[in-house]
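Visitor: I have not looked at this one before. Could you take me through it step by step?

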Amino acid sequence: MTTRNIPFKNYVILGIISLVTFALLYYFVDFYNREKAYESSIHTRMRFLSEVKESEIENYILDNHDVIIYISDSTDDAYQDFEKQLKTLMNHQNLTKSVVYMDMNKISSEKNIKNIFHLDTLVYPNVLIVSDAAATETLYTENQEKNPREVIYYIQKHLEEE
């Protein structure tokens, strides 16, 4: 029986292919993990509410004439503790089905939202009460200290009036 001689260049080619494969695998896994971390960091705080996007808001308001919308910027870390407390209170009071969430980070222009809701100024985080395609009430009209209990009380008061 004869023995086969495998040329040395075949081992080199195999080594190069293996290194390139592992490098690409590492790069794609790292890229995937970074994307997942970014997505979860943006949506973690208000994921418990149904989200309405800018492109859907007009149709959503037409379908649901009376709407309570919580507006916030998911990238603003200044309100992270506020929104964690708000989440706890909303879950405890069973208000998650009554409120929808709009992320201002995903809005192309704040001016578009002001026009849709017929608002002069827009402060967020905030709660908008929308009736007949216009914001009839807002909780905060200017930048001030935000309190999660105020938000809950405001929502509950509106729901009782309906």
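Guide: What follows is a conversation that moves from the overall fold to single residues; please note that the model is a predicted one.

Visitor: How many helices and strands are there?
Guide: The secondary structure of the protein chain comes to five helices and five strands. Read from the N terminus, the order is α-β-α-β-α-β-α-β-β-α.

Visitor: And what about the radius of gyration?
Guide: The protein chain has a radius of gyration of 25 Å, while a compact globule of 162 residues would have one near 15 Å. Along the principal axes, the C-alpha trace spans about 95 × 30 × 30 Å.

Visitor: What share of the residues is buried?
Guide: Of the 162 residues, 33% count as buried. The accessible surface of the chain is about 11,100 Å², and carbon and sulfur atoms hold 52% of that area.

Visitor: What about contacts along the chain?
Guide: Among contacts with a separation of 6 or more, 68% are between residues 24 or more positions apart.

Visitor: Changing topic: how far apart are the mean positions of the positive and negative charges?
Guide: The chain has 16 positive and 25 negative charges, and their mean positions are 13 Å apart.

Visitor: Which residues have the most contacts inside the largest nonpolar core?
Guide: They are L49, Y70, L86, M90, V127 and I155, in a core of 19 residues. At least two residues of this core come from each of β2, α3, β3 (99-103), β4 (126-131) and α5 (148-161).

Visitor: Let us stay with M90. What is it in contact with?
Guide: Setting aside neighbours within four places in sequence, M90 is in contact with F48, L49, L95, T96, V99, I152 and I155. L49 and I155 are also listed with M90 among the core residues that have the most contacts.

Visitor: What else is there in the way of nonpolar cores?
Guide: There is a second, separate core of 18 residues, which includes V67, M104, F117 and V130.

Visitor: Where is S131, and is it buried or exposed?
Guide: S131 is in strand β4. Its relative accessible area is 18%, so S131 counts as buried, the cut-off being under 20%. Leaving out neighbours within four places in sequence, S131 is in contact with H65, D66 and T136. The C-alpha atoms of S131 and I61 are separated by 8.3 Å, although these residues are 70 residues apart along the chain.

Visitor: Where is D73, then?
Guide: D73 is found in the loop between β2 (66-72) and α3 (80-92). With a relative accessible area of 18%, D73 is buried. Q144 is 71 residues from D73 along the chain, and the C-alpha atoms of the two are separated by 16 Å.

Visitor: And E51?
Guide: E51 lies in strand β1, which covers residues 50-51. The C-alpha atoms of E51 and E161 are separated by 24 Å, and the two are 110 residues apart along the chain.

Visitor: Now the backbone. Which peptide bond is cis?
Guide: The bond from Y124 to P125 is cis, with omega near 5°. P125 is placed in the loop between α4 (110-117) and β4.

Visitor: Is N94 buried or exposed?
Guide: N94 counts as exposed because its relative accessibility, 63%, is over 50%.

How values were computed
Residues numbered from 1 in each chain as written. Predicted model: local features only at pLDDT ≥ 70, side-chain atom pairs only at ≥ 80, totals over all residues. Heavy atoms only, no water. Helix = DSSP H or I, 4+ residues; strand = E, 2+ residues; numbered from the N terminus. Rg over C-alpha atoms; globule rule 2.2 N^0.38 Å. Buried < 20%, exposed > 50% of the residue type's maximum accessible area, 1.4 Å probe, protein only. Contact = heavy atoms within 4.5 Å. Areas by Shrake-Rupley, 256 points an atom, 1.4 Å probe, with all protein chains shown as cover. Lys, Arg positive; Asp, Glu negative; His and termini not counted. Charge placed at Lys NZ, Arg CZ, Asp CG, Glu CD. Core = buried A, V, L, I, M, F, W, Y, C linked by side-chain atoms within 4.5 Å.
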